[in-house]
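Here is a short note to read alongside the structure. Please keep the 3D view open as you go through the points.

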Amino acid sequence: MTRALLIALSLSSALTVLAAGSAEAQGRGRSPITAALNLGTPGVGVEAQLSLGPVFVLRGGLDTLGVQFDQSYSDVDYKGRFDFDTVSAFIDLHPFANAFLISGGVYVGDRTIDLNATPNAPVELGGATFTPAQVGTLSGRIKLSDTAPFLGLGYDDSFYRDRRWGFRGIVGVAYSAEPQVGLDSTGGTLSNDPTLRARLNQEAADIQKDARDRGLFPVVQLGATVRF
């Protein structure tokens with residue numbers, strides 16, 4: 001998260017400088033800054049927005065997501081968990097100077113998926129079959145790329161109504177490059193055997209190939225904003 005925190009600090013400094021200029025330009029009107037609380041597929045997050053006029057808005061935020069799930073790969077039923085902690089930065093274009101927006105930006109941070117399984121029947125790994133006693137416990141990790149570009153559409157009336165509170169909703173996709181996958185075995189009679197480890201490497205490569213075709217992560221997000 002060191003990289004993400006540095007980006008967050010830089011973004012905060014940039015927003016402070018830009019806010020001063022934008023507030024001066026807007027005279028004594030309501031502040032060009034809003035804060036938001038978001039909920040959606042990127043997780044739970046907080047966000048700051050800065051209006052640069054009737055068309056452009058800068059956004060920066062922090063999101064965290066922790067979700068458990070079940071997933072099968074080959075013959076193995078895994079229990080998995082998403083753990084995403086990201087910093088985000090966006091430029092929103094309001095082409096009609098109203099709440100409709102087109103958004104482009106990036107998510108940056110740690111995005112990992114942990115996998116664990118304890119087979120109770122023979123399983124096929126990398127093209128070979130092993131017994132539960134030979135395998136023991138399987139653990140794996142899918143590491144998604146730290147940087148995920150984003151493109152989406154949405155509605156945000158934060159700067160287009162004469163009220164302090166606003167509403168926003170955004171849908172879009174974030175793209176992730178090819179993930180890195182690793183698998184390991186512990187507690188089995190063959191856990192340290194080169195043959196099983198070679199098969200685990202092949203199984204990890206197969207999972208990585210399957211995940212490569214799922215590089216588009218859907219983003220659906222709702223939020224409430226407050227203008228200062």
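1. Start with residue classes. Ala, Val, Leu, Ile, Met, Phe, Trp, Tyr, Cys and Pro count as nonpolar; Asp, Glu, Lys and Arg count as charged; the others, Gly among them, count as polar.

2. A word on the source. This is a predicted model, where local features need pLDDT of at least 70, side-chain atom pairs count only at pLDDT 80 or more, and totals for chains, interfaces and linings use all residues. Residues are numbered from 1 along each chain as its sequence is written, and side-chain values use heavy atoms, with hydrogens and water left out.

3. Now the overall picture. The protein has 3 helices and 12 strands. Both are DSSP runs numbered from the N terminus: helices are H or I with at least four residues, strands are E with at least two. Of the 228 residues, 41% count as buried (under 20% relative accessible area; exposed is over 50%, with a 1.4 Å probe and protein chains only).

4. Look at α3 (194-212). This helix has 19 residues and spans 27 Å from first C-alpha to last, close to the 27 Å expected at 1.5 Å a residue (1.5 Å times one less than the number of residues). Its buried residues are Leu196, Leu200, Glu203, Ala204, Ile207, Gln208 and Ala211.

5. Next, the largest pocket. A pocket is an open set of points on a 1 Å grid over the protein atoms alone, with protein on both sides within 12 Å along at least five of seven lines; lining residues have an atom within 4 Å of a point. Its volume is about 360 Å³, meaning the space filled by probe spheres set on the points, which are joined across faces, edges and corners. Of its 18 lining residues, Phe82, Ile113, Leu144, Ala211 and Arg214 are the closest to the centre. The lining divides into 12 nonpolar, 3 polar and 3 charged residues. β3 gives the largest share, 3 residues.

6. Last, the cavity. In a cavity, a 1.4 Å probe fits but cannot get out. The structure holds 1 cavity of 30 Å³ or more. About 80 Å³ of space lies in the largest cavity. Its lining includes Phe84, Tyr107, Arg111 and Phe217.
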